[in-house]
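Trainee: I would like to go through this structure with you. Could we begin with the terms and then move to the details?

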Amino acid sequence: MKKKFRVYFALTSFGPNGVSVVEPLRAESAVHGQHLPPVLINEDKYQIRDLIRIGAVWGGSFAKLRSDAPHIIDAQNTERQIELDDGDSILEKCYFQYREASNLIVWQNSKNTGSLNRAADYMSQIFGGAVTLPQIQNQAELEKVLNGQLYEVEFDYARTPSMPLGGEVEWSQHAMDMMAPIDAAKARFMLRAPRGGSLGARAGQLAREMLGIAGTEKVRVRISAEDDPIDLFMAPLRDTIELSIVDGYPQRAEALAELEAAYDRNRKFIGTAA
């Protein structure tokens, strides 16, 4: 069986000077070997495991260690508990690659394991300083979306408390006038074309204008009724890989090879960002 996974690309920033995580990663690996210590974050344990370094490229997995074992149903449709011994954990993991030369993480996304933000939280504790992992944005794709036909534009707008009634931008004045008397702090607007149709040519320009208006918190667009919304505050560069699932997990060698291939496919987009 094969399964598709999203791949994202992120840079690393460590400490007040925003240096890469190369030095703390090397130091922790030298002390702990291929499995760094587990860390408790919001009642769940996380761990970087299976570290291997070839030249200036690292490979490894990011794991969530669960003590609450789920139940399973056998072939006879009977539910039973998974028995864990003291100290055992259910392991959920995804794979990543870290490239020292470009300070780049290539990340196999997994909803079960945790996001890049959770990995940053883990590294912050292990490395002893604040770590952020800003994702590389796909500016070309964003422009392509906004220059094409759009099916839907949606945005959230927060009425600025310090701005007096009648002081909002013109397009939203009537809506803001309605919000003020009922003490509403936030409104959501959706502009949608008839199903199968598209919005007018100015829809993309409207979305661009929304990004620059104070109070705008989220702007999303959809190309068609079947597509997922695209968050214009976060249009990350991404790829898709397909991995064989063996005993419930992708295999490390195949996963790292596919992450390398995803990096190669997107190298021209990563370019100056990395």
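Mentor: A residue is called buried under 20% relative accessible area, exposed over 50%, and partly exposed in between. Please keep in mind that this is a predicted model.

Trainee: By that rule, is Glu43 buried or exposed, and what is its relative accessibility?

Mentor: Glu43 has 76% relative accessibility, so it counts as exposed. The residue sits in the loop between β3 and β4.

Trainee: Let us turn to the whole protein. How many helices and strands are there?

Mentor: The protein has six helices and 16 strands. Of its 274 residues, 42% count as buried. The accessible surface is about 15400 Å², and carbon and sulfur atoms hold 50% of that area.

Trainee: What share of the contacts with a separation of 6 or more comes from residues 24 or more positions apart?

Mentor: Such pairs account for 65% of those contacts.

Trainee: Now the largest nonpolar core: which residues have the most contacts inside it?

Mentor: They are Phe62, Tyr122 and Leu133, in a core of 28 residues. Several elements give two or more residues to this core, including β1, α1, β5 and α2. Of these, α2 gives the most, with seven residues. In soluble globular proteins, nonpolar side chains tend to be buried together.

Trainee: Which residues of α2 are buried?

Mentor: Leu116, Ala119, Ala120, Tyr122, Met123, Ile126 and Phe127 are buried in α2. Seen down the axis of α2, these buried residues fall within an arc of 165°, so they line one face of the helix.

Trainee: How many residues has α2, and what span does it reach?

Mentor: Helix α2 covers residues 116–127, twelve residues in number, and reaches 16 Å from its first C-alpha to its last. That is close to the 16 Å expected at 1.5 Å a residue.

Trainee: What is found at the two ends of α2?

Mentor: At the start of α2, a side-chain oxygen of Ser115 comes to within 3.2 Å of the backbone nitrogen of Asn117. Following α2 is Gly128, with a positive phi near 75°.

Trainee: Back to Phe62: what does it touch?

Mentor: Leaving aside residues up to four places away in sequence, Phe62 touches a list of residues that includes Tyr46, Ile48, Phe96, Trp107, Ala119 and Tyr122.

Trainee: A change of topic: where is Asn266, and is it buried or exposed?

Mentor: Asn266 is in helix α6, residues 252–270. It is buried, with a relative accessible area of 5%. Beyond four places in sequence, Asn266 touches Phe9, Leu237, Arg238 and Asp239.

Trainee: Finally, how far apart are Thr240 and Gln108?

Mentor: Thr240 and Gln108 are 132 residues apart in sequence and 8.8 Å apart in space, C-alpha to C-alpha. Thr240 lies in strand β15 and counts as partly exposed, at 41% relative accessibility. Not counting residues up to four places away in sequence, Thr240 touches Lys4, Phe5, Arg6 and Arg265.

Terms used
Residues are numbered from 1 along each chain as its sequence is written. This is a predicted model: local features need pLDDT of at least 70, side-chain atom pairs count only at pLDDT 80 or more; totals for chains, interfaces and linings use all residues. Side-chain values use heavy atoms; hydrogens and water are left out. Helices (H or I, at least four residues) and strands (E, at least two) are DSSP runs, numbered from the N terminus. The expected span of a helix is 1.5 Å times one less than its number of residues. Buried means under 20% relative accessible area, exposed over 50%, partly exposed in between (1.4 Å probe, protein chains only). The arc is that of the directions from the helix axis to the C-beta atoms. A polar contact is a pair of N or O atoms within 3.5 Å; within protein, one must be able to donate a hydrogen and the other to accept it, and residues adjacent in sequence count only if both atoms are side-chain atoms. A nonpolar core is a set of buried Ala, Val, Leu, Ile, Met, Phe, Trp, Tyr and Cys residues joined through side-chain atoms within 4.5 Å. Contact means heavy atoms within 4.5 Å. Accessible areas come from the Shrake-Rupley method with a 1.4 Å probe; for residues, only the protein chains shown count as cover.
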